[in-house]
Amino acid sequence: MKPPRKLHIKSYGCQMNVYDAQRMVDTLEPEGFVETGNPEDADLVILNTCHIREKASEKVYSELGRLRALKEEAARRGRRMNIAVAGCVAQAEGSEIIHRAPVVAVVVGPQSYHHLPELLARAEKDGRALETEFPAEDKFAFLPPPKPDVIRARGVSSFVTIQEGCDKFCTFCVVPYTRGAEVSRPAGRIIDEVTRLAEHGVREVTLIGQNVNAYHGEGPDGRIWRLGTLLHRLAGIPGIVRLRYSTSHPRDLDETLIEAHRDVPAVMPFVHLPVQSGSDRLLAAMNRKHTADDYRRAIDRFRASCQDIAFSSDFIVGFPTETEEDFQATLALVTQIGYAGAYSFKYSPRPGTPAAELREMVSAEEMDERLARLQELIDSQQSAFNKAMIGKTVDVLFERSARNPGQIVGRTAYLQPAHVMASPAIVGRVLPTKIESLERYSLLGELAAPEHPAAVTEQASTPNETRMGA
Ligand code: SF4
């Protein structure tokens, strides 16, 4: 039997890249590859790239420079190392990578990584292989399922991609160009994947997609299912106690999703709903296709359906032409909504997007100053939200041993890390936990009930008794 070949994947960016990296491992495992955390040992290194980052392609080329040194060192020791570039920079740059970085053997876009074994074979024969088309076939239908021990090793919480691509064309965003048009996976395949994950220890699933609430996959009944219907069905899979989804667009809210938050206890009351700006003028310039009031109404619909729901969001500061008045509208929106947390970034142009053509840039000083003011406001909201947990008993899904000996760490419904002193036997269980203090962003507490096997699951608890309002 041939010794296993070692595979190292360095993944950048979003949750979908984390999921894709795992599926690349699953794809290459039947070819005799095993994962290693150490690139020096690897026979194959894959850079799973992200185009959202500023100067993304330059960073990939500089990382490839470092890998070339590793490859040369491996060759000196009589070992062959292959290098592949996957993900959104691979899609956007394509043959440019082949020209600029001869060290790269394979370039593969995010819709084609199920072809990695063939591409590696082609590179072996021809020296290089490139695939950045959007193939007509559904890659998910070709990906081998992960083995039970691999699922267990990945932990109790798992991502599952249900939708890819985006038709919205926000003027600052590269996703419609790198991931293509919106495509939803058939619901039956998602149900099968989640069932398999649950059979091997997964308790929480986060359904992911660039525009996840635009989900419109074919259901086993032949009808088109929306996200809310899918959440209802997945909640019935034995072992699944928590469901989340990310990332949503305010325009794609439909009643099935709102109802799922009201009717399905496994659907966590924490929603990431990006808005980007509170200024209608800028929202139009960004081609967001909604106003600040549309966004407020979307939040109101969730809140009317689920009283303990909380929100996070994304904000861009310093989009071209942003005035102080526009920025004040963003601050006013944040103040009005009250977030449990949010991500905020300074605008930076992405090559190939319409906004990259805009010339009326906000100065670097103004951007810095506005970002600091926005982050101060968001931090104060997050801190107040976390502090309000102290003294409450909340459900925590325990995930793993913490770095401190004897401590186990889990997450609340709002994704706050929560630490208790307990035995590792509680990993994979949802237990009511009395929160006693806060250490930066982590909650510290103790189990509110003895650690016996009959302790509560999320479905058995009454949501509004153990969760707090936003
Ligand atoms: S909706 Fe999201 S993924 Fe789609 S173009 Fe806009 S920012 Fe990009």
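**Notebook: helix packing, ring pairs and backbone**

I looked up helix H8 (residues 187-199) and helix H9 (residues 227-235), which pack at an angle of about 30 degrees with their axes 10 Å apart. Axes are lines fitted to C-alpha atoms, for helices over the stretch in contact, and angles run from 0 to 180 degrees between N-to-C directions. Helices (H or I, at least four residues) and strands (E, at least two) are DSSP runs, numbered from the N terminus.

I note that this is a predicted model, in which local features need pLDDT of at least 70 and side-chain atom pairs count only at pLDDT 80 or more, while totals for chains, interfaces and linings use all residues. Residues are numbered from 1 along each chain as its sequence is written, and side-chain values use heavy atoms, with hydrogens and water left out.

I then listed the H8 and H9 contacts (heavy atoms within 4.5 Å). Ala187, Ile190, Ile191 and Val194 in H8 meet Leu230, Arg233 and Leu234 in H9. I sorted the residues of this contact into 6 nonpolar, no polar and 1 charged. Here Ala, Val, Leu, Ile, Met, Phe, Trp, Tyr, Cys and Pro count as nonpolar, Asp, Glu, Lys and Arg as charged, and the others, Gly among them, as polar.

Next I looked at aromatic rings. Rings of Phe, Tyr and Trp (its six-membered ring) pair if their centres lie within 6.5 Å; planes under 30 degrees apart count as stacked, over 60 as edge-to-face and the rest as tilted. I found 7 aromatic pairs by this rule. Phe315 and Tyr339 have ring centres 5.8 Å apart and planes at 80 degrees, so the pair is edge-to-face. Phe315 is in strand S15 (residues 310-317) and Tyr339 in the loop between helix H13 (324-337) and strand S16 (341-346), so the pair ties together parts that are 24 residues apart in sequence.

I checked burial too: buried means under 20% relative accessible area, exposed over 50%, partly exposed in between (1.4 Å probe, protein chains only). Phe315 is buried at 0%, and Tyr339 is buried at 2%.

Last, I went through the backbone. The peptide bond from Ser246 to Thr247 is cis, with omega near 5 degrees. Lys289, which is not a glycine, has a positive phi near 65 degrees, and at 38% relative accessibility Lys289 counts as partly exposed. Arg440 has a positive phi of about 50 degrees, although Arg440 is not a glycine, and is exposed at 70% relative accessible area. I noted these because most residues other than glycine have a negative phi, and most peptide bonds are trans.
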